[in-house]
Amino acid sequence: MASEREVFELSGPLHLTPVDWENADHRRSVAACLVQGVYILERDRQEKRQGSDALAPRWWEFCHFRLFRQLVDDVDSSIFGAIYEFKPVLLQGDHKIDGSPRYVIAFRGTLTRPDSVSRDIELDLHFMQNGLHRTSRFEIAMQVVRNMVATVGDSNIWLAGHSLGSAMAMLAGKTMARTGIFLESYLFNPPFFAAPIERIKDKKLKHGIRIAGSVITAGLAFALKASNNNQRNRTEEPFFAIAAWVPSLFVNPSDHIGSEYIGYFEHRKNMEEIGAGSIERLATQNSIGGLLLNAIGRESEPLHLIPSASLTVNLAPAQEFKQAHGIHQWWQPHLQLHSKIYKYS
């Protein structure tokens with residue numbers, strides 16, 4: 001007998017029929033399914049499944065989307081993203097259903113398949129070096145996002161991604177936010193490349209390490225700013241410019257790739273409570289590595305530095321890392337979730 005996960009692999013989450021677009025759980029689940037559709041598109045390509053044999057369409061057809069365009073990497077020809085168009089069956093006329101997007105631009109993460117894994121790992125390394133914006137894959141993605149926004153407007157478009165794809169979507173969202181365009185974004189297991197402080201069990205020790213890190217980062221940022229007092233601060237203005245953008249981040253505490261976002265945002269509140277909010281407001285705009293690179297003329301902005309977010313944490317225990325980092329968890333019904341909105345001020 002097929003397991004529940006195997007059924008999901010074949011048909012998607014059956015509990016999302018019909019989709020209630022005013023329900024946050026449904027919106028999250030649909031966004032995750034559309035990202036899964038990109039993974040399956042690339043698997044179909046590599047396994048040469050076409051037509052009725054293709055498995056990917058069932059991941060978007062159940063919620064009345066159609067595949068508008070595939071996004072193909074120019075290096076290895078792998079499918080790394082997709083544009084979906086919402087095409088509901090309407091009873092009366094053609095109108096926008098409340099809460100629904102017109103288009104969703106989704107990006108997959110690293111896929112450990114022979115025809116794509118080397119290129120995906122190369123992109124992972126670019127991310128860790130804060131160089132994802134210099135890759136041709138991101139240039140393709142960014143051009144697509146700009147073109148779609150210019151064609152249909154920002155209120156009709158969602159961004160979605162998982163893992164490396166989440167980093168792509170976040171970078172695209174940040175880039176658009178700097179121009180005053182704030183796209184609704186669903187970022188699943190976004191990577192946070194930093195010391196895994198969140199994994200420390202001793203809360204006092206963890207809090208102390210974070211305070212020390214904030215003091216050092218803020219001090220270094222202040223010193224570098226003072227030494228360049230005739231120049232415009234290179235991090236402050238872009239950071240404030242995107243403060244009104246509130247992407248939705250979905251993380252699992254057992255996922256060491258993205259769990260640091262939990263501490264990143266919670267630490268701001270803790271610093272405010274102990275009267276050190278001004279230190280943290282400066283520290284949260286910077287990273288020590290980025291500041292040192294900027295000091296020697298190598299401009300660097302870690303992707304995880306975002307002012308605001310709606311952070312959702314999956315509190316259900318994970319048996320293994322694959323489960324904690326997987327996209328599958330985010331369309332499951334009856335999850336143990338804790339959500340909180342963090343806005344930078």
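Asn-252 touches Asn-189, Ser-259, Asn-314, Ala-316, Ala-318, Ala-324, Gln-329 and Trp-330, leaving aside residues up to four places away in sequence. Contact here means heavy atoms within 4.5 Å. This is a predicted model: local features need pLDDT of at least 70, side-chain atom pairs count only at pLDDT 80 or more, and totals for chains, interfaces and linings use all residues. Residues are numbered from 1 along each chain as its sequence is written, and side-chain values use heavy atoms, with hydrogens and water left out.

**Around Asn-252**

- Asn-252 sits in the loop between S6 and helix H9 (260-273). Helices (H or I, at least four residues) and strands (E, at least two) are DSSP runs, numbered from the N terminus.
- Asn-252 has a relative accessible area of 2%, so Asn-252 is buried. Buried means under 20% relative accessible area, exposed over 50%, and partly exposed in between (1.4 Å probe, protein chains only).
- The side chains of Asn-252 and Gln-329 are joined by a polar contact of 3.0 Å. A polar contact is a pair of N or O atoms within 3.5 Å; within protein, one must be able to donate a hydrogen and the other to accept it, and residues adjacent in sequence count only if both atoms are side-chain atoms.
- A polar atom of the Asn-252 side chain also lies 2.9 Å from the backbone nitrogen of Ser-254.

**The sheet**

- An open sheet is formed by 8 strands, in the order S1-S2-S3-S4-S5-S6-S7-S8, with mixed pairing. Two strands pair if DSSP finds at least two bridges between them.
- Strand S1 (65-72) and strand S8 (337-342) are the edge strands, and each pairs on one side only.
- From one strand to the next, the twist averages 15 degrees. Axes are lines fitted to C-alpha atoms, for helices over the stretch in contact, and angles run from 0 to 180 degrees between N-to-C directions.
- Strand S2 (residues 79-86) pairs with strand S3 (residues 103-107) in the antiparallel sense, over 5 bridges. Tyr-84 stands opposite Val-104 in S3.

**Helices across the sheet**

- Helix H2 (residues 24-46) lies across S1, S2, S3, strand S4 (157-162), strand S5 (184-188), strand S6 (248-251) and S8. H2 runs at about 130 degrees to S2.
- Of the 23 residues in H2, 19 are buried.
- Asn-23 caps the N-terminal end of H2, with a side-chain oxygen 2.8 Å from the backbone nitrogen of Asp-25.
- Lys-48 follows H2 and has a positive phi, near 60 degrees.
- Helix H5 (residues 136-152) lies across S1, S2, S3 and S4, at about 175 degrees to S3.

**Aromatic pairs**

- Rings of Phe, Tyr and Trp (its six-membered ring) pair if their centres lie within 6.5 Å; planes under 30 degrees apart count as stacked, over 60 as edge-to-face and the rest as tilted. The count comes to 20 aromatic pairs.
- Trp-60 and Tyr-84 form a tilted pair, 5.3 Å centre to centre with 45 degrees between the planes. The pair links distant parts of the chain: Trp-60 is in helix H3 (residues 58-61) and Tyr-84 is in strand S2, 24 residues apart.
- Trp-60 is buried at 4% relative accessible area, and Tyr-84 is buried at 0%.
- Tyr-186 and Phe-250 form a stacked pair, 6.3 Å centre to centre with 5 degrees between the planes. Tyr-186 lies in strand S5 and Phe-250 in strand S6, so the pair ties together parts 64 residues apart in sequence.
- Both Tyr-186 and Phe-250 are buried.
- One aromatic cluster takes in Trp-21, Phe-65, Phe-86, Trp-158, Tyr-186, Phe-188, Phe-250 and Trp-330.
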